[in-house]
Amino acid sequence: MLIPDDRKYSVTHEWAKVEGDKVRVGISDHAQEELGDVVYLDLPEVGRILSKGDVFGAVESVKAVSDLYAPVSGEVVETNTDILNHTERVNESAYDEGWIILIRMSDPSELDGLLDADAYRQIVEEASH
Amino acid sequence: MSFIANTIPEQAAMLDTIGIRSLEDLWDPIPASIRLNRPLDLSPALDEQNLVRHLQRIADANVHLDRNLSFIGAGIYDHYCPAIVSALASRGEFATSYTPYQPEVSQGMLQAMYEFQSLICDLTGMDMANASMYDGATALAEAALMAVEVTGRTRVAVSEAVHPHYRQVLNTYLRSAGDEMILLPARRGITDAASFEDLLKGPPACIIGQQPNFFGCLEDVSNYSNAAVRCGALSIISVDPFTLALLKPPGEMEIDIVTGEGQSLGLPTGFGGPLLGIFACKRDYARRLPGRIVGATTDSEGRRGYVMTLRTREQDIRREKATSNICTNEALMALMASIYLVALGKEGLRETAEICVQKAHYLQQHLENELGLKPLFQSKFFCEFAVTLPIDGDELNQRLLQQGIIGGYNLRRRYPQLPDSMLVCVTETKSRDDLDRFVQAMKECIAS
Amino acid sequence: MSRYTHQNPLLIEGSVPGRRGVRTATLDVPAHSLGDMLGAENLRRELPMPELSELDVVRHYTSLSHHNYSIDSGFYPLGSCTMKYNPKVNDRIAAMPGYSRIHPLQPEETVQGALQIMYELQAMLAEIAGMATATLQPAAGAHAELLSLMMIQAYYRHRGEEGREVVLIPDSAHGTNPASAARCGFTVQTIKTGSNGNIDLSGLKAALSTQTAALMLTNPSTLGLFETRIAEICELAHQRGALVYCDGANMNALLGIARPGDMGFDVMHFNLHKTFSTPHGGGGPGGGVIAVQRCLEPFLPVPVIIHKDGRHYSLEEDRPHTIGRIHSFYGAFLVAVRAYAYIAGLGADGLREVAENAVLNANYIRAKIAESFPAAFPQTCMHEVVVSAGGLRRHGVKALDVSKRLIDYGFHPPTNYFPLTVPEALMIEPTETESKQTLDTFCEALIQISREAEDDPELLRTAPHHTPVSRLNETAAVKKLDVRWSTGG
């Protein structure tokens, strides 16, 4: 299972990668594996203001739906519309091409509340035992 | 009667395997204080023969359509149902199966539902249909709620010429959800198109009409789609699918959602249930559609097969966020409708529908020419029409019943503003003799 | 066997231009122009319908039926669905013209038999439920849930307690419960199951408040367990002014043994197509019934059947507090006729035997397969047993694989992955009409499959092997949506 250490994670299995004053968000490799083949994504509108923990969209496989939670507060500045027609990228490239939204952070200190790779790995491993 | 296979020695052996001594021990988890300490208060059990006799006796208290001439329609139509429909649909393989959750052993029903969806799309001219709903009224209510969801608006505009029961059901659903219903008035039997203009001021979620409408009149369906486009609402038309053998499909008029009652496609009148709700829409709404949908796909060896699809809309996965709470559809009724449609086929459907139209017009003319009963409305009609009466409609129906005839629907039951009138329905089940007999009976009953 | 494994062409693929099927009528009145009668602008140009002979249609559907598993074909232990034998005599009765050939808008005096059936069936079901009265209006179980919640909503509106907006639902509940509650605008709050499989009482106490409208419980629960402290639970809810709803999907376990009304429930629904043997028709028609205590009676949907002078039955619509009409007519009448026949045939003793044997059969399976598939909770179960296939995970085998392999042994799989609270759940409901021999063969198959999981897990992962299609690509079904043939208009 891939858990790159260049980014942070949430307990709800989103990853957050800092890019200047912005954060790129997607779902973890573990999350995509649990879901199975992604067939549909519900993305927010660009410009939407999110508070940390808000549901900003949903990702669906054939038999499951998972809400997506904002790992930090801020404004949605970009969404990955390419994945709407290529949902398989969320499975095949969860950490790269399968990113979901880009948020301009309003409170970068919130990043401290997220998990680092090791802590996230521990959570995932505990869950599968 | 009893349908239990286990014998007493077998029960004893099973109890032994479980490790308990008596059947009574099975109820240990239920506290004695809430157990029923007496037999249920029900009539004594009946053997099969006496059961049939008992229920035949109760059935005999009903006046049924095989023995009596009936001219009542108003949402449920007595069409002839060919033998092939019940012969095939009553096969145990179909009738005693559950929802096809395991596609490998349910290809029969799944394919039949895929074919039903296709037939409904072809009839209505719509892009996609679900595998059926409870009935015409709840299908319409589901459509309205879907429009509320899609548009984010809370008002629903519905024509007064939509079946009164359907409007009542719609009102029940809307009231519970906190939404509001606006009534569009009918004039001379047709929804007043001028009232659509008022909707521009406070645009509703949807505009709902019926074709043919409850009065039997043919509406200009494009009025609904045009008005809907202008105010950003969805257009919804409730249809009798049987009439679409001849009438222009609503899909050609850019209608967003078509619902309807499929009972007219080979289902028994059955005192109004079970029925067959039809729901079809434009492809844009694929993910909003309530109810089950069957899709084609392939198996690991590339063979065509069918599965329930777009499942994440449904309640067992999405729970409180589902598009609808519906679990059951009316699969067996949808199967019957499909068999009816293809057993008659392109030619048979058109022919049967035309016979209904011809006979209805024959009767209308004879009532007018011989009895002077004027049509209540001047619009074109399919196989149901309203005539004005010189006497009270209920009284007339009582007199007709004395002659073994079930008269038409008294419109004043739901439209007190209308004059004494009767909504008369004629299907292919009425011979020319039947029609002539009705005219004669009407003459006598009005005169007496 | 090729007849049973071949691919069936679509109806439209067998269509031949000009071929015709059944002729149902002949025109015997003078013909006029359709354009004149209907208006040329209203006529459709073409009707894209298949053109087949009657025999083509018979062969098509007979062939489809060969590809459809049913109770008539074999054991169908689908948990929560109560797939018992559907007595043939009930179908014969429902087909009597006195029932099947009556119109819902006929004058009341011409349908007294139909109204009598409905009235008496309501009374029978109220007696079985231990409630004041019942309505047959709902078309199915989920419909009944929705309407019950509407009645609860109307009840609080009437009492001026509109702040009651929360419905409490256990995590093991059917998905229809939260979906129905959401439809009425209620907020759903989930209650956890305790370690013994029953409701966690302290969690329930904490959740109950003056905002609680209702607690929805399935009893026996979807774990197949009786909620032993149910009387206390109902009392707790009542103390906080909340109503308690019983999802009666599992009533087969309790017929004549215990009644929800006596436990403290205020309202419940029955599924006629589960407990009362009406055929489910591949997903419907269902038949829903709501039974209520007196406090909810004013809110029942209309029409209500009245039997005033003890002779004449009539339909009453004018009821000031009703939630309104909820079906085009009166619910699934022909389904109700079958349920009536079922209860009338069995009587009180027969119904009790149903519950006894349903519970006996489930516990027998629980005991027989315990080593290979341990029950999620070890105590005596009711009409169904939830076991876990989690032990096979070490072989890379899932509950789904076990289910699919059961098909190769000639059985319909149990319900998988429900309730959501049990890992790798298999929910097995044998019903009372299955014999010990059938159960033995089924249990042996399951035990054999657990051995196969160890020896040849691939055999399970690729199952089923003897069906017209193997596992289907459900991802492609969503992504390349194909929900109709495309030859038409």
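This passage describes the interface between two chains of a predicted model, and then some local features of each chain.

The model is predicted, so local features need pLDDT of at least 70 and side-chain atom pairs count only at pLDDT 80 or more, while totals for chains, interfaces and linings use all residues. Residues are numbered from 1 along each chain as its sequence is written, chains are lettered from A and ligands numbered from 1 in the order in which they are written, and side-chain values use heavy atoms, with hydrogens and water left out.

The contact (heavy atoms within 4.5 Å) takes 193 residues from chain B and 204 residues from chain C. The size of an interface is often given as the accessible area lost when the parts come together. Here, chain B and chain C bury about 17100 Å² between them, with 61% of it on carbon and sulfur atoms; buried area is the accessible area (1.4 Å probe) that two parts lose on being put together, summed over both.

Charged side chains also meet across this interface. There are 14 salt bridges between chain B and chain C, where a salt bridge is a side-chain nitrogen of Lys or Arg within 4 Å of a carboxyl oxygen of Asp or Glu. One of them joins Arg101(C) to Asp78(B), at 2.7 Å from N to O. The interface of chain B and chain C also holds 105 residue pairs in polar contact, both at pLDDT 80 or more. A polar contact is a pair of N or O atoms within 3.5 Å; within protein, one must be able to donate a hydrogen and the other to accept it, and residues adjacent in sequence count only if both atoms are side-chain atoms.

On the side of chain B that touches chain C, helix 11 (residues 331-371) of chain B gives the largest share, 26 residues. Helices (H or I, at least four residues) and strands (E, at least two) are DSSP runs, numbered from the N terminus. That side of chain B divides into 98 nonpolar, 53 polar and 42 charged residues. Ala, Val, Leu, Ile, Met, Phe, Trp, Tyr, Cys and Pro count as nonpolar, Asp, Glu, Lys and Arg as charged, and the others, Gly among them, as polar.

At 1% relative accessibility, Thr99(B) counts as buried; buried means under 20% relative accessible area, exposed over 50%, and partly exposed in between (1.4 Å probe, protein chains only). Its side chain makes a polar contact with the side chain of Arg292(B) at 3.4 Å. Leaving aside neighbours within four places in sequence, Thr99(B) is in contact with Arg292(B) and Met308(B), and with His280(C), Gly282(C) and Gly283(C).

Backbone angles come next. Glu254(B), in the loop between strand 8 (234-239) and strand 9 (257-261) of chain B, has a positive phi near 65° although it is a residue other than glycine. Thr431(C) is not a glycine either, and its phi is positive at about 70°. Glu254(B) is partly exposed at 49% relative accessibility, whereas Thr431(C) is buried at 1%. The peptide bond from Val302(C) to Pro303(C) is cis, with omega near 0°, and Pro303(C) sits in the loop between strand 7 (288-292) and strand 8 (304-307) of chain C.
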